[in-house]
Amino acid sequence: MWRTNQLVGSVFTAAPAPNRSMTLFDALNDGGGNVEALLRHAVSALLSTGSQFISYPVSARWIVDQVNAALASGDPTRIENLKNQLAAWNQREANVTPPTVTQTLRAATTSPTPTSTLTVTSSTVSTVAATAAAQWVAAGAPSDLLSRVSFVVADLPAGVLAQTTGDVIYIDRDAAGFGWYTSTSASPFTTSSGGDLVAANGSLAYGRMDLLTVLLHELGHLLGLANEDAGPGRVMIGTLPVGVRRTVPTGYLLP
Ligand SMILES: [Zn+2]
């Protein structure tokens, strides 16, 4: 989730120096024109893409890329045009209906410890997502699969590990309280049970949720695979037990 106290420069890297050091909240409330107006509408648009109740017409990644490109160009007309486009979408979003395609992946059990310290950052998510995407690309998915999606780390409702809405994948910050196993290494998974790989007692993945499995699942939704179907390697099952890894089997090809 975008946080209003993070700095403009952490998102809009091409913003002028004085704007980069402002918080998103300040940018949202900055009354200036041109660059300031673009940033104001861009932050509003970003926050809308992070809402589960708004179906925004473009992804957060699109907004970030387009705004940075416009700012980097230094072209006042281009900046103004993009601002006007975002302003029109922001206005329209005031009364849209919730998105219809929302799929959630839930923890199979409730966490015994409500808040784990094993949280995840968006850079870790991006790293593990690259490994997950590679498995799907090997199964015939488009090679630009990863560029079609944005990842947002958020505090999701209780029991929810991840959720895909449109082309935005939300990952729960602390894996529904269990904490994440964020390595792609399979070494903790020494046994198998019912087609799942199971982490050894006391290993780093033991008692944690496997981020790679969750990202495979959510990317599977983007490829049109449904929840509830077991799918290849059981990755599309809508619940995940702790300490379990599921992978797309080598040689599997998407329908
Ligand atoms: Zn799902």
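**Exercise 1. The chain as a whole**

How many helices and strands are there in the chain?

Solution. The model is a predicted one. The chain holds seven helices and ten strands.

**Exercise 2. Helix H4**

Check the span of helix H4 (residues 60-73), and then find which of its residues are buried and which are exposed.

Solution. Step one is the span. H4 has 14 residues, which at 1.5 Å a residue should span 20 Å, and the C-alpha atoms at its ends are 20 Å apart, so expectation and model agree.

Step two is burial. The buried residues in H4 include Ala60, Ile63, Val67, Ala70 and Leu71. They lie on the same side of H4, because the arc they cover around the axis is only 105°. An α-helix has 3.6 residues a turn, so residues three or four places apart point the same way. Ala69 and Ala72 are exposed, on the other side of H4.

Step three is the end of the helix. Just after H4 comes Gly74, with a positive phi of about 70°.

**Exercise 3. H3 against H4**

At what angle do the axes of helix H3 (residues 35-49) and H4 cross, and which residues meet?

Solution. The two axes come within 9 Å and cross at roughly 170°. An angle over 145 degrees counts as roughly antiparallel, and H3 and H4 are therefore roughly antiparallel to each other. From H3, the residues Val35, Leu38, Ala42, Ala45, Leu46 and Thr49 take part; they meet Ala60, Ile63, Val67, Ala70 and Leu71 of H4. These residues of H4 are buried.

**Exercise 4. Strand E4 and its partners**

Which strands pair with E4 (residues 168-172), and in which sense, parallel or antiparallel?

Solution. Begin with strand E3 (residues 160-165), which pairs with E4 in the antiparallel sense over four bridges. Within this pair, Gln163 stands opposite Tyr170, and Ala162 has Ile171 as its bridge partner. E3 and E4 form a hairpin with two residues between them, and Gly166 in the turn has a positive phi of about 60°.

Next take strand E2 (residues 150-154), which runs parallel to E4 and is joined to it by five bridges. Here Val152 stands opposite Tyr170.

Now consider burial. Five of the five residues of E4 are buried, so E4 is largely enclosed by the rest of the structure. Val168, Tyr170 and Asp172 point one way from the strand, while Ile169 and Ile171 point the other way. E3 is also largely enclosed, because five of its six residues are buried.

**Exercise 5. Two residues compared**

Is Pro157 buried or exposed? Is Val214 buried or exposed?

Solution. Pro157 is in the loop between E2 and E3. It has 12 C-beta neighbours inside 10 Å and therefore counts as exposed. The C-alpha atoms of Pro157 and Asp172 are separated by 8.4 Å, with the two residues 15 residues apart along the chain.

Val214 is in helix H7 (residues 211-222). It has 26 C-beta neighbours inside 10 Å, so Val214 counts as buried. Neighbours within four places in sequence left aside, Val214 is in contact with Leu105, Leu161, Ala162, Ile171, Met209 and Leu240. Among these contacts, Ala162 and Ile171 are bridge partners.

How values were computed
Residues are numbered from 1 along each chain as its sequence is written. This is a predicted model: local features need pLDDT of at least 70, side-chain atom pairs count only at pLDDT 80 or more; totals for chains, interfaces and linings use all residues. A residue is buried if 20 or more other C-beta atoms lie within 10 Å of its own, exposed if 12 or fewer, and partly exposed in between; C-beta atoms are placed from the backbone. Two residues are in contact if their C-beta atoms, placed from the backbone, lie within 7 Å. The expected span of a helix is 1.5 Å times one less than its number of residues. The arc is that of the directions from the helix axis to the C-beta atoms. Axes are lines fitted to C-alpha atoms, for helices over the stretch in contact, and angles run from 0 to 180 degrees between N-to-C directions. Angles under 35 degrees count as roughly parallel, over 145 as roughly antiparallel, 65 to 115 as roughly perpendicular and the rest as oblique. Two strands pair if DSSP finds at least two bridges between them.
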